[in-house]
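Please read it with the structure open.

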Amino acid sequence: MRRMPRHSSRRPRHLPKKAARSTRSLRAIIWAASLFVVAAAVWLLIPRHTGPNNQAKVEAQFGPTIVNSAQPPGAAPHEMAWIPGGEFSMGANDPPDLNEVGMKATLDARPIHRVYVDGYFMDKTDVTNAEFARFVAATGYVTVAERTPRAADFPGAPPENLVAGSVVFSAPDHPVPLDNHFRWWDYVKGANWRHPLGPASDIRGKDAYPVVHVAYDDAVAFAMWAGKRLPTEAEWEFAARGGLAGKPFVWGDDFHAGHKWMANTHQGHFPNHDTGEDGYAGIAPVAQFPPNPYGLYDMAGNVWQWTSDWYRPDYYRQLAAAGVVRNPQGPDSSFDPSEPNQPKKVHRGGSFLCTEQYCSRYIVGTRGKGEVSTGTNHLGFRCVMTRRQYATQRSQGNSESGA
């Protein structure tokens, strides 16, 4: 069936108070003094691991963002922002000043490496229900979740399991161990973008909510219709950082900047109780939290976002060995050691379920992954438009893509 994209410093020894007169003792003193000098120098060069706001540590690992000076090709398309591109440091803190969950979230986002991307336009928000509905009305498109799975694609599956549906978060009514995500995820018959929680639910009055239950091919189909494409992972991260180098969050250093909630994440006890302290227990409409410096909303939290890159945990090592890579497109194939036979694309941004108790991937630079035919009710997408696509739109007289 379709699946959920399942310092310590060493204190130098003190020199003896009285030096021996023998040559042997003198040599020992000189040797010890030399060690002291070397140890002190090394101690000063090691980044201090004193907390997530420590700038010395960040500067030791992240280089500056060098933004392109080229101007955009024209006025931004409707509800899109110009992302200038340039050279930046990509990845997550290594080693991270995070709790155990946060550290696990960065394991496949290392080493930090230099990347260059050309400029492009990007959607200010995730694609909404209203936008996706216009696409469906214009094309008659049927999403993967609305199609009955074919027996040929799922050999050995019982016929009763071959039903159209999608994966839905279902909070248990009591605390549960966090060792198995099937404790809070279910494959629900009839769940799709029109019915996010199952056939008894709908999206009436939710035009401004991000569309969910979109498989990778669904997102690609919308992007092509709109004269756009999905962002590469590098494009997504450059845009999310908003010109800031090495910050842990898309808005800066502090999770609660100015004592305010900056993203829709999970509060309370995961997975059984979201207190909604940020204003939302579950998914939120788009653009309810402050934008990043490039004017992009919800680049952390609310819903995950598809990128065009295949997922491999070792890909960053390949990039780091190649110097400054220009416009990386991702690896040629997918590989997830935990599920080697499942082709997966990279997700970015985290969702309303992210929490320091289980998933802290609202940290910019961290990565998610998802099986390409699987959608969930916490997964959406946004698009980008290249200069070439922009020129095509203008030549066709379209002032608003997808219109």
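1. In what order do the three strands of the open sheet run, and is the pairing parallel or antiparallel? The order is E2-E5-E15, and the pairing is antiparallel. Strands pair here if DSSP finds at least two bridges between them. Helices (H or I, at least four residues) and strands (E, at least two) are DSSP runs, numbered from the N terminus.

2. A word on the basis. This is a predicted model: local features need pLDDT of at least 70, side-chain atom pairs count only at pLDDT 80 or more, and totals for chains, interfaces and linings use all residues. Residues are numbered from 1 along each chain as its sequence is written, and side-chain values use heavy atoms, with hydrogens and water left out.

3. E2 runs antiparallel to E5 (residues 120–123), with four bridges between them. Ala81 has Met122 of E5 as its bridge partner.

4. Helix H6 (residues 233–241) packs on this sheet and touches E2, E5 and E15. Contact means heavy atoms within 4.5 Å. The direction of H6 makes about 75° with that of E5. Axes are lines fitted to C-alpha atoms, for helices over the stretch in contact, and angles run from 0 to 180 degrees between N-to-C directions.

5. Is H6 buried or exposed? Nine of its nine residues are buried, so H6 is largely enclosed by the rest of the structure. Buried means under 20% relative accessible area, exposed over 50%, and partly exposed in between (1.4 Å probe, protein chains only). The buried residues of H6 include Glu233, Glu235, Glu237 and Arg241. Just after H6, Gly242 takes a positive phi of about 60°.

6. Now the salt bridges: a side-chain nitrogen of Lys or Arg within 4 Å of a carboxyl oxygen of Asp or Glu. The count comes to 18. Lys344 bridges to Glu339, with the closest N and O atoms 2.6 Å apart. Both Lys344 and Glu339 are buried. Shared partners join Glu233, Glu237, Arg241, Arg348 and Arg367 into one network.

7. Asp179 and Arg183 also form a salt bridge (3.0 Å, N to O). Asp179 counts as exposed, at 60% relative accessibility. Arg183 is partly exposed, at 38%.

8. The largest nonpolar core has 56 residues; Met122, Phe132 and Phe381 touch the most other members. Such a core is a set of buried Ala, Val, Leu, Ile, Met, Phe, Trp, Tyr and Cys residues joined through side-chain atoms within 4.5 Å. A second, separate core of eight residues includes Val167, Trp185, Phe270 and Phe352.

9. What does Phe132 contact, leaving aside neighbours within four places in sequence? Its contacts include Trp193, Val211, Phe222 and Phe381. Phe132 lies in helix H4, and is among the H4 residues that meet Asp218, Ala221, Phe222 and Trp225 in H5. H4 (residues 129–139) and H5 (residues 216–225) pack at about 80°, with their axes 11 Å apart. That makes H4 roughly perpendicular to H5 (65 to 115 degrees).

10. One more strand pair. E6 (residues 165–169) and E7 (residues 185–189) pair in the antiparallel sense over five bridges. Val168 stands opposite Asp186 in E7. E6 is mostly covered, with five of its five residues buried.

Note on methods: Parallel < 35°, antiparallel > 145°, perpendicular 65-115°, else oblique.
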